[in-house]
Amino acid sequence: MDKVLIRELRIETVIGIYEWEKQIHQSLLIDLDMAWNNRPAADSDDYQYALCYETVSNRLTALITEKPIELIETVAEMVATCVMSEFNVPWVKVKVMKPGAVPTAAAVGVEIERGYA
């Protein structure tokens with residue numbers, strides 16, 4: 001299976017369940033594995049057949065920053081739904097990490113897979 005990958009997309013947003021978290025911006029790091037047939041783009045060397053990682057990254061940044069969210073689980077589902085519906089991706093693996101959320105851990109997070117590979 002071909003994939004398009006995005007690693008550690010950093011998004012600054014309002015995320016968290018505590019009142020103090022709702023007053024500040026925190027970083028989320030997002031990893032995506034997106035099923036995509038890369039052969040047409042590779043064979044033709046034509047951008048129109050590629051899944052544009054910049055466009056996906058910009059869309060996800062806009063989506064996640066448009067309103068406060070409490071849970072990273074919600075972020076993961078929003079990302080998966082957006083990528084599959086707006087970019088016609090049949091399968092996606094989404095990892096959302098929240099650095100610094102637990103003082104004794106570098107980051108905490110969730111990972112989900114949606115669709116069919």
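This is a predicted model: local features need pLDDT of at least 70, side-chain atom pairs count only at pLDDT 80 or more; totals for chains, interfaces and linings use all residues.
**Asking how we know**

Me: What makes a residue count as touching Lys98, and which ones do?
Reply: Leaving aside residues up to four places away in sequence, Lys98 touches Ile15, Gly16, Glu21, Gln26, Ser27, Leu28, Ile72, Ala107 and Val108. A contact here means heavy atoms within 4.5 Å, so each of those residues has to meet that cut-off. Numbering starts from 1 along each chain as its sequence is written, and side-chain values use heavy atoms, with hydrogens and water left out.

Me: Why does Lys98 count as buried?
Reply: Buried means under 20% relative accessible area, exposed means over 50%, and partly exposed is in between (1.4 Å probe, protein chains only). Lys98 comes in at 8%, so it counts as buried.

Me: Where does Lys98 lie?
Reply: In strand β3. Strands are DSSP runs of E, at least two residues, and helices are runs of H or I, at least four; both are numbered from the N terminus. The chain comes to three helices and four strands, running β-β-α-α-α-β-β from the N terminus on.

Me: Why does Asp33 count as buried?
Reply: Its relative accessibility is 7%, so Asp33 counts as buried by that cut-off. Asp33 lies in strand β2 (residues 26-35), and its side chain makes a polar contact with that of Arg7 at 2.8 Å. Val4 is 29 residues from Asp33 in sequence, yet the two sit 6.0 Å apart in space, C-alpha to C-alpha.

Me: How do you know that β2 and β3 pair?
Reply: Two strands pair if DSSP finds at least two bridges between them. Six bridges join β2 to β3, so they qualify as a pair, and they run antiparallel. In β3, the bridge partner of Asp33 is Lys93.

Me: What is the order of the four strands, and why is one side of β1 and β4 left without a neighbour?
Reply: They form an open sheet in the order β1-β2-β3-β4, with antiparallel pairing. β1 (3-13) and β4 stand at the edges with a single partner strand each, so one side of each has no neighbour in the sheet.

Me: How do you know that helix α3 is close to its expected span?
Reply: The expected span is 1.5 Å times one less than the number of residues. α3 (residues 72-86) has 15 residues and reaches 21 Å from its first C-alpha to its last, close to the 21 Å expected.

Me: Which residues of α3 are buried, and what do they pack against?
Reply: Ile72, Val75, Ala76, Met78, Val79, Ala80, Cys82 and Val83 are buried. The buried residues of α3 pack against β2, α2 (53-65), β3 (91-99) and β4 (107-115). Just after α3, Asn88 takes a positive phi of about 60°.

Methods:
A polar contact is a pair of N or O atoms within 3.5 Å; within protein, one must be able to donate a hydrogen and the other to accept it, and residues adjacent in sequence count only if both atoms are side-chain atoms.
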